[in-house]
Amino acid sequence: MKLYDYFRSSAAYRVRIALNLKGLTPAREFVHLRRNVQRSDDYLAVNPQGMVPALVTDGGEVLTQSLAIIEYLDETQPAPPLLPAAPIDRARVRGIALAIACDIHPLDNLRVLQYLKNTLGVSEEQKDAWYKYWIDVGLEALETRLSRDAATGRFCHGDAPTLADICLVPQLANARRMNIDVAPFPTLIRIDAACNTLPAFADAAPSRQQDAE
Ligand SMILES: N[C@@H](CCC(=O)N[C@@H](CS)C(=O)NCC(=O)O)C(=O)O
């Protein structure tokens with residue numbers, strides 16, 4: 001397998017965590033997003049969306065979208081499971097994961113920020129305010145949900161890491177990198193700390209990647 005990766009990409013960070021949890025070590029090719037390599041002809045031939053991650057399977061298929069890649073890994077390499085067994089629990093875990101992956105992360109993506117700045121002409125301050133706003137709104141709702149749900153345990157769902165934690169940890173890392181105060185989200189901080197005691201999470205951190213700058 002080969003993973004198209006970039007150290008700072010939170011979507012790629014999710015896949016790195018899942019690969020580590022599964023004990024898989026694909027080859028890696030780095031796509032430098034700040035240098036717009038994702039929009040090069042070579043990379044667009046891999047993923048016409050111009051985004052990382054992409055995973056080339058052993059059979060040569062190109063998979064895109066971090067959550068689809070992670071579910072593929074979970075289905076082809078079931079241990080340890082990244083989704084709980086019961087449909088109701090799977091739906092809860094997916095709901096938390098999607099709240100991050102669909103409703104927070106895309107709004108602060110590089111191409112969105114570049115469009116705000118370069119096409120709509122917003123100032124650097126307005127762009128940063130946008131970034132902070134969508135993270136705050138999203139994390140606040142997650143904090144409320146996770147702090148009140150009986151199903152929340154050491155991790156987002158019970159006492160084993162799932163797809164929900166795989167999405168949470170990169171999003172919190174992202175918020176901290178942008179100097180967003182995460183203190184109002186104590187449950188998220190607690191779960192993030194629990195995740196990062198596990199080598200699979202810690203080793204996937206941006207600062208530990210070969211292409212880290
Ligand atoms: N929904 C996609 C999002 C992928 C994504 O947003 N990737 C970002 C990095 S985290 C990217 O490649 N951005 C390139 C750009 O905005 O130009 C997934 O989950 O894989």
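# Briefing: sheet, helices and aromatic pairs

Among what covers the buried residues of helix α5 is helix α6 (124–148). The model is a predicted one. It contains an open sheet of 4 strands with mixed pairing, in the order β2-β1-β3-β4. It also holds 4 aromatic pairs.

**Helix α5**

- Helix α5 spans residues 110–119, and Leu110, Leu113 and Leu116 are buried in it.
- Viewed along the axis of α5, the buried residues stay within an arc of 130°, so they line one face of the helix.
- Asn118 and Thr119 are exposed and sit on the face of α5 that is turned away from its buried side.

- In general, the strands of a sheet pair through backbone hydrogen bonds, in either the parallel or the antiparallel sense.
- Strand β1 (residues 2–5) pairs with β2 in the parallel sense, over 4 bridges.
- Asp5 has Phe30 as its bridge partner in β2.
- Leu3 has Arg28 as its bridge partner in β2.
- Tyr4 stands opposite Glu29 in β2.
- Strands β1 and β3 run antiparallel and are joined by 3 bridges.
- Lys2 has Val56 as its bridge partner in β3.

**Helices packed on the sheet**

- Strands β1 and β2 pair in the parallel sense; helix α1 (residues 10–22) packs on the sheet and touches β1 and β2.
- The direction of α1 makes about 145° with that of β1.
- Helix α3 (residues 66–76) also packs on the sheet, where it touches β3 (54–56) and β4.
- The direction of α3 makes about 120° with that of β4.

**Helix α8**

- Helix α8 covers residues 186–196; Thr187, Leu188, Ile191, Asp192, Ala194 and Cys195 are buried in this helix.
- Around the axis, these residues cover an arc of only 160°, which puts them on the same side of α8.
- The packing partners of the buried residues of α8 are α6, α7 (163–177) and α9 (199–202).

**Arg92 in helix α4**

- Arg92 is part of helix α4, which runs over residues 87–101.
- The relative accessible area of Arg92 is 10%, so this residue counts as buried.
- With its neighbours within four places in sequence left aside, Arg92 is in contact with Arg145, Leu146, Asp149, Ala151, Thr152, Cys156 and His157.

**Aromatic residues**

- The structure has 4 aromatic pairs, one of which is formed by Tyr6 and Phe7.
- The ring centres of Tyr6 and Phe7 are 5.0 Å apart and the ring planes stand at 65°, so the pair is edge-to-face.
- Both Tyr6 and Phe7 are buried.
- Tyr133 and Trp134 also make an edge-to-face pair, with 4.9 Å centre to centre and 85° between the planes.
- Tyr133 has a relative accessibility of 46% and therefore counts as partly exposed.
- Trp134 has a relative accessible area of 26% and is likewise partly exposed.
- Trp130, Tyr133 and Trp134 make up one aromatic cluster.

How values were computed:
Residues numbered from 1 in each chain as written. Predicted model: local features only at pLDDT ≥ 70, side-chain atom pairs only at ≥ 80, totals over all residues. Heavy atoms only, no water. Pairing = 2+ DSSP bridges. Helix = DSSP H or I, 4+ residues; strand = E, 2+ residues; numbered from the N terminus. Contact = heavy atoms within 4.5 Å. Axes fitted to C-alpha atoms, helices over the stretch in contact; angles between N-to-C directions. Buried < 20%, exposed > 50% of the residue type's maximum accessible area, 1.4 Å probe, protein only. Arc of directions from axis to C-beta. Phe/Tyr/Trp six-rings, centres within 6.5 Å; stacked < 30°, edge-to-face > 60°.
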